[in-house]
Every structure is written in C-alpha cells, then in structure tokens.
Amino acid sequence: MGKLLRIEAIKTFSSNTFRSLITLHLVFFLLVILLISKIDISVGVFSVDALFQFPHVYDFFAWVSSWFNILLAIIVIVLVSNEFRFGTFKQHIIDGLNHEQLISGKVQVLFIVAIYGFILVLVTSMISGLIMGAGSLENELFQIDILFVYFLQTLAYVSMGLFFAIMFRNNALSIVSFILYLFPGELIIRKLLFPDYERYLPAKLISDLTPFPEYVSESLGGPNSAGQMNFPMATEPALSQATSLGMAGFYFVLFIGLSYWVLRKRSFS
Amino acid sequence: MSEESILKIQNLSKKYGNLRALNNLNLNVNRGNVYGLLGPNGSGKTTTLSIALGTLNQSAGEYFWFGEEPGSKSRLRIGSLIESPNFYPYLTLSDNLRIVANIKNVPFSDINRVLGITSLLKRKYSRFRHLSSGLKQRLALASALLGNPEVLVLDEPTKSLDPEGFSDLREIINQQHKEGKTIILASHILDEVEKVCTHVGILKAGELVREGRVDEILKKVNLIYVDTPNPDGLVRVLSSSDMVKEYKQDKDGFQIVLNDDYTASDLNKYLFDNNIVLNRLESKKNTLEKEFLELIK
C-alpha cells in the first residue's frame with residue numbers, strides 16, 4: 001500500500017498538468033464563492049449573506065463545490081489517460097506491478113483528490129462562517145455531515161472519470177465522452193430507457209447527493225421555488241439519504257471494479 | 001546435470017483477427033544463456049516478448065518463468081526493455097528510476113549505480129523529455145538493470161544508440177553474461193547478436209524456424225572460395241570428390257561447400273594432388289546474417 005502511494009505521489013505531484021488543473025479548480029471555486037458573496041439580494045427572510053453563515057454555509061459551499069467535481073474528475077481522467085499515452089502503465093506491468101496494483105494506486109489518487117475537495121470546502125466554509133459569524137457557533141461549527149456526503153459524491157464522480165479514462169485510453173476522447181454522458185447522455189438514457197428509475201442512474205444519483213441548500217427553498221417560500229430553478233431539492237428527496245449514499249457507494253465500487261475488469265481484459269498496445 | 005529453464009514457451013499462439021502473429025511457438029531459454037531472438041519485421045519477436053512480460057494476452061498456449069506460472073512476482077526478477085522507452089516526460093531521470101525502484105523494491109542507492117553503468121549520471125536531474133532518443137534508450141537500459149535482475153529481456157536495445165552506445169551495450173551484455181545472468185535479446189543487428197549471443201532462435205511468420213547454439217549454427221556451413229586459371233579442370237576434380245557437398249561458379253571464382261569432416265587445407269592438398277593450381281583459396285566462416293537470410297527466404 002505504502003509503495004503504491006509513494007509511486008503515485010512522485011508522478012502526480014510532479015505533474016504540471018495536475019498542479020495547473022488543481023490550481024484552476026481552487027481559483028474557480030473561490031472566484032465563484034467570492035462573486036456570489038458580492039451579490040446583495042434580500043427577499044423576505046432570505047438573504048445571500050445567510051448562505052455564508054453557519055449552519056447554511058456547509059450546505060451551500062458543498063452544493064457550489066459539487067459543480068466543480070466535474071473538473072476533479074477531468075483531472076483524474078488526464079492523470080490516467082497519460083499513463084496510456086506515456087506507455088507507463090504497460091511499463092509498470094513489465095517492471096513487476098500487477099493489474100490490481102495499477103488500479104489500487106489510482107484508487108489512492110481518487111481518495112487524495114476527494115480529500116483535497118473535502119478539506120477545501122471544510123476550510124473555506126469554516127473561514128466564511130467564522131468571518132460572517134451568526135448563529136450559535138459551538139452548536140453549528142461541526143455540523144458538517146453534508147461534507148461527508150460531498151466527499152462520497154466526489155469519490156463517485158472521480159471513479160466514473162477513472163472508468164472513462166481506462167475505457168478510452170485517450171485524454172480528449174475520455175473527457176468528451178465523460179461530459180457527453182453526464183449531460184445529454186444520461187438524460188437521454190433516463191428519459192428513453194429508464195423513465196421509472198431515473199433517480200437510480202449514476203450521474204443523476206451522484207449529483208443529487210448535494211442538493212440545492214434547504215435554506216434557500218424554505219426562505220423563498222417552499223420547495224417549489226427552488227424546484228422551478230431546476231435544482232434537486234433537499235426537502236423532496238426521491239430516495240432516502242441512506243439509499244442515495246448506499247447507491248453512490250455501490251457506483252464507486254462498480255466503477256472501480258469495471259475499470260479493473262477492462263484493464264485486465266485488454267492488452268497494452 | 002539438466003539445465004535450469006528460465007523461460008519456457010509452449011504452443012504459444014496469438015491472433016489479431018485473421019492474422020496469426022504467433023503460431024504454436026515453442027522455445028526454451030536456460031539459465032546463463034544469452035539468447036538472441038531473430039526475425040524479420042512482423043515475425044513475432046516483440047509479440048512473443050510482450051506476452052512473456054504480461055502486457056499482451058495470448059490466444060493460446062502457455063509460458064513459464066523460472067519453472068513457475070508467470071506473474072508479477074516473476075517479473076520482479078526480470079529487467080526489461082521492450083520497444084520504446086516508457087517514462088514520464090516531465091520527471092527527472094532520478095524520479096523516473098525512483099518509481100521503478102519502488103516497484104522492484106530496490107533501494108534508491110542503486111539508481112546511481114545503473115546511471116553510472118549507462119553513462120547518465122551527469123544527467124540525473126535532467127527531465128526525460130529533454131533527452132535525445134539515444135539517451136532515452138540508455139535510460140531504459142538503466143531501468144532494466146535496476147536491482148541487478150537475474151534475467152534481462154532486451155527488445156531492439158540498440159535502437160537509436162550511437163556507435164559508442166552500441167559498444168557500451170555490448171560490454172554491458174558481456175559483463176552481465178559473465179555474472180551468470182540470462183539475457184534474451186531481440187534484434188535486427190545480426191552482427192551484434194553473433195558477437196554477444198550464445199544461442200539464437202529464428203522466427204519467421206510467427207514460427208520458430210531454427211533454434212540452437214550460435215557456434216553450432218555457424219559451423220554448419222563449411223564455405224571455401226577458390227580461383228584458378230583452369231576452371232574446367234577444377235570442375236572435373238570437384239565433381240569426382242566426396243569431400244565437396246556443393247559448388248558453384250560466379251564472376252569471382254568458385255564457391256565450395258565442404259562436407260563437415262573436411263577443412264580448407266584438405267581441399268588445398270586434394271586439388272594440388274590433382275594438378276589444380278589455385279590463385280586464391282579463402283575459407284569463409286558462415287555468418288549469422290547469411291544463415292538468417294537463407295532461412296527467412
């Protein structure tokens with residue numbers, strides 16, 4: 001285990017591509033948060049400022065950050081596709097790793113990326129909450145359950161990225177296929193093939209894990225208001241949270257398993 | 001005492017659609033052999049080595065390393081260079097070798113040793129992408145030598161090497177052979193193979209057409225070139241001799257193949273006794289290149 005982590009650390013943290021994309025993720029996230037914080041809207045009991053205060057800040061930041069999970073998945077796709085591009089997965093096999101170890105190494109990268117996302121949202125939420133200071137701090141400071149959900153969501157997204165990268169073995173093709181699947185692809189599949197089970201399909205289920213903040217919908221007059229904005233609603237979950245979390249965990253394992261299977265089945269050119 | 005088999009390949013086949021890249025290939029490499037795998041482009045050399053090193057799945061057949069089922073454990077005992085050097089272009093030579101050292105459970109102190117052997121020590125902190133193709137090939141060789149493996153598998157190791165690199169590689173192979181290592185070498189450079197290999201296997205269209213010791217293969221043809229002012233007399237004498245296997249005349253004289261028990265001096269004496277005066281008598285050793293070209297015709 002330690003050996004694989006050391007190997008992944010050498011190749012990942014020295015990669016300019018990785019460093020640039022992670023920086024881009026960080027900057028985009030902070031920029032979006034900053035821009036929203038500059039909006040001065042108060043409608044009835046709703047105010048934008050409240051989104052930056054405890055306890056809503058965790059829900060809000062996790063929801064904003066969930067949109068950037070696609071970028072984290074793209075980082076994983078680039079890292080894995082590069083292994084095929086450089087011929088290094090093949091070389092690792094020749095040098096004495098087996099297919100399980102190749103996948104295990106990448107799973108560790110998935111965890112590193114998800115931990116980064118978790119820490120980013122945790123730290124920025126806490127700083128925002130402490131600066132904007134409201135509510136009862138000692139009770140609300142550690143109400144971070146949603147961040148663990150966000151962590152699982154990130155893992156599920158990046159594992160899907162891993163699967164696409166191993167399927168297509170090419171940066172551009174994997175990224176385009178991944179994005180096409182997430183947006184029109186699964187929507188079409190859901191509507192045409194599984195209209196009754198659409199909430200169980202991976203992209204929908206994983207994105208629904210961090211819903212639009214409850215505070216907004218409640219303060220703007222009920223769930224429908226936010227629902228009209230086409231955001232998944234926390235107040236009207238189609239699946240229980242336990243089922244959603246279980247299914248997301250299942251998809252994480254499934255994508256890892258499929259990645260291993262595809263890698264094992266196909267030769268290296 | 002029976003020799004220890006290092007790599008044993010049995011009935012190995014590989015098909016790409018309708019194309020048969022390997023057809024029931026059988027070969028055996030024993031400990032201490034320097035085994036040259038020869039063959040024209042597309043004969044199946046790289047396919048054979050890729051299957052043996054686990055990067056390509058075979059269609060049929062099996063192979064064994066060290067007498068056991070192949071796996072990552074056996075590959076840890078092998079240093080390999082297959083086709084092109086595969087490294088992270090943005091990493092330094094040192095970091096690339098640290099990755100390999102981690103995989104092979106080799107201490108990092110061995111990195112300097114192999115960089116020294118391949119004359120890359122000064123470039124230790126250069127990035128891989130900044131190396132010339134010859135230096136990249138040297139790095140691949142350094143990587144293969146990391147951990148002092150029992151077996152070296154080198155596929156076209158001289159690719160992109162300059163004459164100095166050629167010479168260094170020959171020295172490395174000879175040194176490794178002296179240390180009792182087993183080396184499997186696939187190459188097009190027949191002269192190099194002849195100089196360093198103890199055994200060869202010649203592949204043609206995915207089949208092994210000849211396998212054996214290099215010296216035995218080269219001994220097989222006993223070739224003499226002669227020239228005489230009396231060609232008709234020479235033809236008459238050669239036709240009646242049992243020491244001559246075959247002969248042919250070309251613009252430079254006669255090319256004579258003797259039966260195994262006879263030498264050039266036997267022929268010289270025989271012709272002298274039969275009043276044939278020679279302008280030239282030249283004994284030519286068979287070359288691997290000649291044998292190879294004959295076999296793949």
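Modeller: Start with helix α14 (residues 241-265) of chain A. Its 25 residues should span 36 Å at 1.5 Å a residue, and its end C-alpha atoms are 35 Å apart, which agrees. The expected span is 1.5 Å times one less than the number of residues. Helices here are DSSP runs of H or I with at least four residues, strands are runs of E with at least two, and both are numbered from the N terminus.

Some ground rules. Residues are numbered from 1 along each chain as its sequence is written, while chains are lettered from A and ligands numbered from 1 in the order in which they are written. This is a predicted model, in which local features need pLDDT of at least 70, side-chain atom pairs count only at pLDDT 80 or more, and totals for chains, interfaces and linings use all residues; side-chain values use heavy atoms, leaving out hydrogens and water.

Back to α14(A). Its buried residues are S244(A), M247(A), A248(A), Y251(A), F252(A), F255(A), I256(A), S259(A), V262(A) and L263(A). Buried means under 20% relative accessible area, exposed means over 50%, and partly exposed lies in between, with a 1.4 Å probe and protein chains only. What covers these residues includes α5 (69-85), α6 (88-95), α7 (99-132), α9 (145-168) and α11 (202-207) of chain A. Contact here means heavy atoms within 4.5 Å.

Elsewhere in chain A, L30(A) sits in helix α2 (residues 16-38). L30(A) is partly exposed, because its relative accessible area is 38%. L30(A) and S65(A) are 35 residues apart in sequence, yet their C-alpha atoms are 9.5 Å apart in space.

Now chain B. It has eleven helices and 13 strands. Its C-alpha trace spans about 75 × 45 × 40 Å along the principal axes. Of its 297 residues, 51% are buried. Take the contacts in chain B between residues at least 6 apart in sequence: 69% of them join residues at least 24 apart.

The twelve residues of α3(B) should span 16 Å at 1.5 Å a residue, and the end C-alpha atoms are 16 Å apart, which agrees. Eleven of those twelve residues are buried, so α3(B) is largely enclosed by the rest of the structure. The buried set is L93(B), S94(B), D95(B), N96(B), L97(B), I99(B), V100(B), A101(B), N102(B), I103(B) and K104(B). These residues pack against parts of both chains: α1 (2-13) and α6 of chain A, plus α2 (72-75), β5 (78-81), α4 and α5 (133-145) of chain B. Just after α3(B), N105(B) takes a positive phi of about 55°.

One of those neighbours is α4(B). Two packed helices are described by the angle and the distance between their axes. L93(B), S94(B), L97(B) and R98(B) of α3(B) make the contact with I111(B), V114(B) and L115(B) of α4(B).

Helix α4 (residues 109-117) of chain B also holds R113(B) and D110(B), which are three residues apart and so separated by about one helical turn. They form a salt bridge, with the closest N and O atoms 2.5 Å apart. A salt bridge is a side-chain nitrogen of Lys or Arg within 4 Å of a carboxyl oxygen of Asp or Glu. D110(B) is buried at 12% relative accessibility, whereas R113(B) is partly exposed at 32%.

By that rule there are 21 salt bridges over all chains. In chain A, D208(A) pairs with R199(A), closest N and O atoms 2.6 Å apart. D208(A) is buried at 18%; R199(A) is partly exposed at 29%. In chain B, D215(B) pairs with R213(B) at 3.3 Å between the closest N and O atoms. Both count as partly exposed, D215(B) at 44% and R213(B) at 35%. Shared partners also join E8(A), K11(A), E83(A) and K106(A) into one salt-bridge network.

Last stop: Q176(B), in helix α6 (residues 163-178) of chain B. Q176(B) is buried at 5%. Leaving aside residues up to four places away in sequence, Q176(B) touches L145(B), N148(B), L152(B), K181(B) and I183(B).
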